[in-house]
Amino acid sequence: MNEAKIKVSGMNCNHCKIIIENGISKIHGIELATADIVNGEVTIKGKEINLEEVKDTIEDLGYTYSGEL
């Protein structure tokens, strides 16, 4: 399983956390997304992680993708 950690701006509550986790988890090849609202980070695990698709999903949800860590 592959893993990526990204920075996301705009998450500031548990509702944001759930929206991000659910949105990213729907992407093909991703098995788990865990958001950390305190640090503004999301850990993604899966067989295939397409960061361009992750970026698009995050921005479609109204948050800012700030790059891979």
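User: Where does Ile37 lie?

Analyst: Before placing any residue, keep in mind that this is a predicted model. Ile37 lies in the loop that runs between β2 and β3, and with a relative accessibility of 26% this residue counts as partly exposed.

User: What is the place of Asn39, and how far apart in space are Asn39 and Lys7?

Analyst: Asn39 is placed in the loop between β2 (30-36) and β3 (41-46), and its relative accessibility of 40% makes it partly exposed. Asn39 and Lys7 are 32 residues apart in sequence, while their C-alpha atoms are 8.3 Å apart in space.

User: Where is Lys47 found, and is Lys47 buried or exposed?

Analyst: Lys47 is found in the loop between β3 and α2, and at 65% relative accessibility Lys47 counts as exposed. For the pair Lys47 and Lys17, which are 30 residues apart along the chain, the C-alpha atoms are separated by 22 Å.

User: Turning to charged side chains, how many salt bridges does the count come to?

Analyst: The general idea is that side chains of opposite charge can pair when their charged atoms come close. For the count, a side-chain nitrogen of Lys or Arg has to be within 4 Å of a carboxyl oxygen of Asp or Glu. By this rule the count in the model comes to four salt bridges.

User: Which residue forms a salt bridge with Glu3, and which parts does the pair tie together?

Analyst: The partner of Glu3 is Lys45, and the closest N and O atoms of the two are 3.8 Å apart. Because Lys45 lies in strand β3 and Glu3 in strand β1 (residues 2-9), the pair ties together parts that are 42 residues apart in sequence. As for accessibility, Lys45 is partly exposed, with a relative accessible area of 29%, whereas Glu3 is exposed, with 52%.

User: Which side chain does Lys5 meet in a salt bridge?

Analyst: Lys5 meets the side chain of Glu41, with an N to O distance of 3.9 Å. Here Lys5 belongs to strand β1 and Glu41 to strand β3, so this pair ties together parts that are 36 residues apart in sequence. Lys5 itself counts as partly exposed, at 34% relative accessibility.

User: How many residues apart in helix α2 are Glu59 and Lys55?

Analyst: Glu59 and Lys55 are four residues apart in helix α2, which means that about one helical turn separates them. Their side chains meet in a salt bridge, at 3.3 Å from N to O. Both residues can be read on the accessibility scale: Glu59 is partly exposed, with a relative accessible area of 35%, and Lys55 is partly exposed, with 25%.

User: In which strand does Tyr65 lie, and what separates its C-alpha atom from that of Lys55?

Analyst: Tyr65 lies in strand β4 (residues 64-68). The C-alpha atoms of Tyr65 and Lys55 are separated by 5.6 Å, the two residues being 10 residues apart along the chain. To read its accessibility, recall that buried means under 20% relative accessible area; Tyr65 has 17% and is therefore buried.

User: Staying with helix α2, is Thr57 buried or exposed?

Analyst: Thr57, which is found in helix α2, counts as buried because its relative accessibility is 17%. A polar atom of the Thr57 side chain lies 2.9 Å from the backbone oxygen of Glu53.

User: Which residues gather in a patch of negative charge on the surface?

Analyst: The residues that gather in this surface patch of negative charge are Glu52, Glu53, Asp56 and Asp60. One of them, Asp56, is found in helix α2 (residues 51-60), and Asp56 is partly exposed, with a relative accessible area of 36%.

Note on methods
Residues are numbered from 1 along each chain as its sequence is written. This is a predicted model: local features need pLDDT of at least 70, side-chain atom pairs count only at pLDDT 80 or more; totals for chains, interfaces and linings use all residues. Side-chain values use heavy atoms; hydrogens and water are left out. Patches are made of residues with over 30% relative accessible area and no salt bridge: like charges are joined within 9 Å, nonpolar side chains (Val, Leu, Ile, Met, Phe, Trp, Tyr) within 5 Å. Accessible areas come from the Shrake-Rupley method with a 1.4 Å probe; for residues, only the protein chains shown count as cover. Lys and Arg count as positive and Asp and Glu as negative; His and the chain ends are not counted. The place of a charge is taken as NZ of Lys, CZ of Arg, CG of Asp or CD of Glu. Helices (H or I, at least four residues) and strands (E, at least two) are DSSP runs, numbered from the N terminus. Buried means under 20% relative accessible area, exposed over 50%, partly exposed in between (1.4 Å probe, protein chains only). A polar contact is a pair of N or O atoms within 3.5 Å; within protein, one must be able to donate a hydrogen and the other to accept it, and residues adjacent in sequence count only if both atoms are side-chain atoms.
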